[in-house]
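Colleague: I would like to learn how to read sheets and helix contacts in a model. Could we go through one together?

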Amino acid sequence: MAAKPRIVILTGAGVSAESGVPTFRGSDGLWEGHRIEDVATPRAFERNPALVQTFYNQRRAALKNVQPNAAHLALAELEKALGERHVTLITQNVDDLHDRAGSQNLMHMHGELLKARCVVCENVCHWDEDIQPTSPCPFCQRTGTLRPHIVWFGEMPLYMEEIETALYGADLFVAIGTSGKVYPAAGFVRLAKAAGAHTIEFNLERSDISPEFKEHRIGPAGHLVPTWVEEVIQAHP
């Protein structure tokens, strides 16, 4: 019986797009009709907190209308079959579709829509409704101090130490539905390659970092990922 590989998987907007979650950044460079500078930076929140809160309140509410797709479910099944120690899932997505699909060893490196963070006491809490100016922090009880628990442009992604440890220990690195435009995530494949991992890219089309990958599978994640997961599970019963 072949030893179970240590698999690190990175997912991007392309995975959730198949569930109907907007990829935010359009061909015109706008996020849902807004400039990134107006809704996705710390300065934007300081300048116009009402606009930023409304933007993310709408994104949070929209999650109630989408469901995990076959790719989300297959990745959760892979973790269940091989065990949490062998499958690490890193997502750039801020939705909760991987969570709902059942993935446990999961790191939301860009934050989560269904969490809020207090800018005063810095505690993080689950939050599935609108954040209002009058919403009190559940920890310090101050009002007007909650912000979306989202990593904005200019802020450091979450779990970077844990992610680097996983990448340096990977036998296989897989990127699914990523554009290869956003760093540091776009550089993960190089770290995994340096550690000797085999690398696979799943995407609708070649990305900016496709040349870094050893293997490519082109097409919808909802079709390709379940097939690949079945291959891995059969190879490591």
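Modeller: Start with the sheets. Strands of a sheet pair through backbone hydrogen bonds, either parallel or antiparallel. In this predicted model, six strands form an open sheet with parallel pairing, in the order β3-β2-β1-β7-β8-β9.

Colleague: Which strands are the edge strands of that sheet?

Modeller: They are β3 (106-108) and β9 (215-218), and each of them pairs on one side only. From one strand to the next, the twist averages 15°.

Colleague: How many bridges join β7 and β8?

Modeller: Strand β7 (residues 172-176) pairs with strand β8 (residues 198-203) over five bridges, in the parallel sense. As an example of such a bridge, Leu-172 has His-198 in β8 as its partner.

Colleague: Which strands of this sheet does α5 touch?

Modeller: Helix α5 packs on the sheet and touches β1 (7-11), β2 (87-91) and β7. The direction of α5 makes about 165° with that of β1.

Colleague: Now helix against helix. At what angle do α5 and α9 pack?

Modeller: For a pair of helices, look at the angle and at the distance between the axes. Helix α5 (residues 70-82) packs against helix α9 (residues 221-235) at about 15°, and their axes are 8 Å apart. Angles under 35 degrees count as roughly parallel, so α5 is roughly parallel to α9. The crossing of α5 past α9 is left-handed.

Colleague: Which residues of α5 and α9 meet?

Modeller: On the α5 side, Ala-70, Ala-71, Ala-74, Leu-75, Glu-77, Leu-78, Ala-81 and Leu-82 take part. They meet Ala-221, Gly-222, Val-225, Pro-226, Trp-228, Val-229, Val-232 and Ile-233 in α9. Sorted by class, the contact of α5 with α9 has 14 nonpolar residues, one polar and one charged.

Colleague: What is the order of the strands in the sheet that holds β4?

Modeller: That open sheet has three strands in the order β5-β4-β6, and the pairing is antiparallel. The edges are β5 (124-126) and β6, each with a single partner strand, so one side of each is left without a neighbour in the sheet. Neighbouring strands here are turned by 45° against each other on average, direction ignored.

Colleague: How many bridges join β4 to β5, and how many does β4 share with β6?

Modeller: Three bridges join β4 to β5. One of the residue pairs is Lys-115 with His-126, which lies in β5. Helix α4 packs on this sheet and touches β4 and β6, with its direction at about 55° to that of β6. As for the other pairing, strand β4 (residues 111-118) runs antiparallel to β6 over five bridges, and Cys-118 stands opposite Leu-146 in β6.

Colleague: Is strand β6 largely enclosed or open to the outside?

Modeller: Check the residues of the strand one by one. In β6 (residues 146-150), five of the five residues are buried, so the strand is largely enclosed by the rest of the structure.

Colleague: Which residues does Gln-53 touch, not counting residues up to four places away in sequence?

Modeller: Gln-53 touches Phe-45, Ile-131, Leu-146, Arg-147 and Pro-148. Leu-146 is also the residue that stands opposite Cys-118. Gln-53 and Val-39 are 14 residues apart along the chain, and their C-alpha atoms are separated by 8.5 Å.

Note on methods. Residues numbered from 1 in each chain as written. Predicted model: local features only at pLDDT ≥ 70, side-chain atom pairs only at ≥ 80, totals over all residues. Heavy atoms only, no water. Axes fitted to C-alpha atoms, helices over the stretch in contact; angles between N-to-C directions. Helix = DSSP H or I, 4+ residues; strand = E, 2+ residues; numbered from the N terminus. Parallel < 35°, antiparallel > 145°, perpendicular 65-115°, else oblique. Left-handed = near helix turned anticlockwise from the far one by under 90°. Contact = heavy atoms within 4.5 Å. Nonpolar A, V, L, I, M, F, W, Y, C, P; charged D, E, K, R; others polar. Buried < 20%, exposed > 50% of the residue type's maximum accessible area, 1.4 Å probe, protein only. Pairing = 2+ DSSP bridges.
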